[in-house]
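Please look through the sequence and the model below before reading on.

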Amino acid sequence: MKNTLKQLIAKSRAEDKAYAQQRKAEMMSPRTGDDRRNFLKKTALGGIALSSFMGYSFEDTIAETTSKVKRASAPSELKITDMRYVVTNVMGGTPIIKIETNQGIHGLGEVRDAADVRYALMLKSRILGENPCNVEKVFKSIKQFGGPARQAGGVCAVEMALWDLCGKAYNVPAWQLLGGRYRDKVRLYADTPEANSPEEQQRLINFRVKEQGYTWLKMDVSIGELKGKKDTVVNGKFWEDSKGSLSQWGDQRNFMSYGNTMHPFTQIQITEKGLEHLQQVVEDVRNMVGYEIPISTDHYGHFDMNNNIRLAKALEKYRLAWFEDMVPWQYTEQWKEITRSIDTPTTTGEDIYLLKDFLPLIHERAVDIVHPDLASSGGLLETKRIADYAEEFGIAMAMHQAGTPVSFMANVHCAAASQNFLALEHHSVDLPWWEDLVTTVGGFKMIDKGFATVPLTAPGLGIELNEEVLKKHVHPKDKSYFEPTDQWNKLMSHDRTYS
């Protein structure tokens, strides 16, 4: 019995020493982020392993640990203690949130581009005290406060930050928590804005393809191109704004504007002359790019299903990668009709919240590709569920993204974990400081020749904020920088959705 006890003690000491060496090596590694390093220091067997490694006897180690060291808890004892934010100058004001914990590690999330940070702040009182590693439990308690498009921004920002925290706590990348990865790099498609001349369009394309190595592009084919061109649209004058434009972005001061009117209800029509002009626009770009590189299209304008079909048929000879958001996502039957009527793939979904609202499009095979924005669709796990469900019906997934590197990397992890993934949008190709808003844990290159790098070892999302650069790009509408948000601490309502 005595020998057995000695053997157990010897084995325990050997395992303890090996574990201490492993954790010390991780702490000393330049690839280990500051949050993870601090977490390791505070939680290394409550101080036993490291103190044993430093030369204490086993008995002295226990005494030292229990009498002098204030131990942080294990991941199972993590608690959310705070939420703060900064509004960046990306896409007209995109907020980044930081969720703090009782153990000194934090998680980063992002409220969708140009959405109100209060969508996230109103959730603070509902998550304080929760364990961030219970991601699905927390998500199910707050998902009732999300809605389509940017109304989901707060819920998705919190969900991103929870996966970042959970990955840091357990020292694994977010993709591993989603079930593993299918790829080591994620293909990107570069959004290419409209230009005032063919020469400017060529410059934008060359920058993307020749200088940065993108292998997939997207362009707008907007009836904005028809402005001032006689006899190209029918019923346009009624809807023109003060600048003579048919702006699909709307006018918040005029609820009767063209851009605030859903597509079937404008009765705008494109003439044959108008179609010929739009054909020429696409032909010019196709000639610049060639046929090896896919070209997706978007932002046509607000006109009805029949005119969308006419436009699609006029452009089919250019073998476009997809027609996106031709009518609002809610019109499943219209999507079915468009998809059946044309040969080019169709896609929608950037404004859909949760799998349940993707189901009609998937069940009816109304689109060829689902196109969620992870900052609206419900976050990493819900978007992974959307991808997996679509895959069962033979439907691929592309991903819309127009935010900061925080949501970008959340998308990268989700894309890596989804088999039917095609390409992820990168909307900030022309912002030279965009990548510098963060640093990558371990120093991996975030974007390399048109592909995003999947971090293989960096925990969580694999990034930390570059405070020096970020402070230079705070949006002027809200210059606060991770200041206290105590006014959002108190829960003011009973939120349960059942009696």
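Alanine 149 is found in the loop that runs between helix H7 (135-142) and helix H8; helices (H or I, at least four residues) and strands (E, at least two) are DSSP runs, numbered from the N terminus. Although alanine 149 is not a glycine, its phi is positive, at about 55°. Its relative accessibility is 19%, so alanine 149 counts as buried, where buried means under 20% relative accessible area, exposed means over 50%, and partly exposed lies in between (1.4 Å probe, protein chains only).

Methionine 91 also has a positive phi of about 55° and is not a glycine. This residue sits in the loop between strand S1 (80-88) and strand S2 (94-101), and with a relative accessible area of 31% methionine 91 is partly exposed.

## How the model is to be read

This is a predicted model, in which local features need pLDDT of at least 70 and side-chain atom pairs count only at pLDDT 80 or more, while totals for chains, interfaces and linings use all residues. Residues are numbered from 1 along each chain as its sequence is written, and side-chain values use heavy atoms, with hydrogens and water left out.

## The chain as a whole

The chain contains 18 helices and 17 strands, and 55% of its 499 residues count as buried. Contact means heavy atoms within 4.5 Å, and among the contacts between residues at least 6 apart in sequence, 72% join residues at least 24 apart.

## Arginine 112

Is arginine 112 buried or exposed? Its relative accessibility is 1%, and therefore arginine 112 counts as buried. The residue belongs to the loop between strand S3 (106-110) and helix H5 (118-121).

The side chains of arginine 112 and serine 376 are joined by a polar contact of 2.9 Å; a polar contact is a pair of N or O atoms within 3.5 Å, and within protein one must be able to donate a hydrogen and the other to accept it, while residues adjacent in sequence count only if both atoms are side-chain atoms. Leaving out residues up to four places away in sequence, arginine 112 touches, among others, Ala149, Arg150, Glu350, Asp351, Ser376 and His400.

## The nonpolar core

In soluble globular proteins, nonpolar side chains tend to be buried together. A nonpolar core is a set of buried Ala, Val, Leu, Ile, Met, Phe, Trp, Tyr and Cys residues joined through side-chain atoms within 4.5 Å. The largest nonpolar core here has 129 residues, of which Ile97, Ile99, Val158, Ile223, Val370 and Phe408 touch the most other members. Helix H8 (residues 153-170) gives the most to this core, with 11 residues.

Which residues does valine 158 contact, once its neighbours within four places in sequence are left aside? They are Met83, Ile97, Ile99, Leu123, Ile127 and Ile142.

Glycine 167 lies in helix H8 and is buried, with a relative accessible area of 0%. Not counting residues up to four places away in sequence, glycine 167 touches Val172, Leu177, Pro459 and Gly460.

Alanine 366 is in the loop between helix H14 (359-363) and strand S11 (369-370), and at 0% relative accessibility alanine 366 counts as buried. Alanine 366 and arginine 340 are 26 residues apart in sequence, yet 8.3 Å apart in space, C-alpha to C-alpha.

## A cavity

On a 1 Å grid over the protein atoms alone, a cavity is a set of points where a 1.4 Å probe fits but cannot get out, and lining residues have an atom within 4 Å of a point. The structure holds 2 cavities of 30 Å³ or more, where a volume is the space filled by probe spheres set on the points, and grid points are joined across faces, edges and corners.

The second largest cavity has a volume of about 30 Å³, and its lining includes Thr192, Gln201, Leu217, Lys218, Met219 and Val285. Strand S5 gives the largest share of this lining, 3 residues.

Methods: 1 Å grid on protein atoms, 1.4 Å probe; cavity = no way out; pocket = protein on both sides within 12 Å on 5 of 7 lines; lining within 4 Å.
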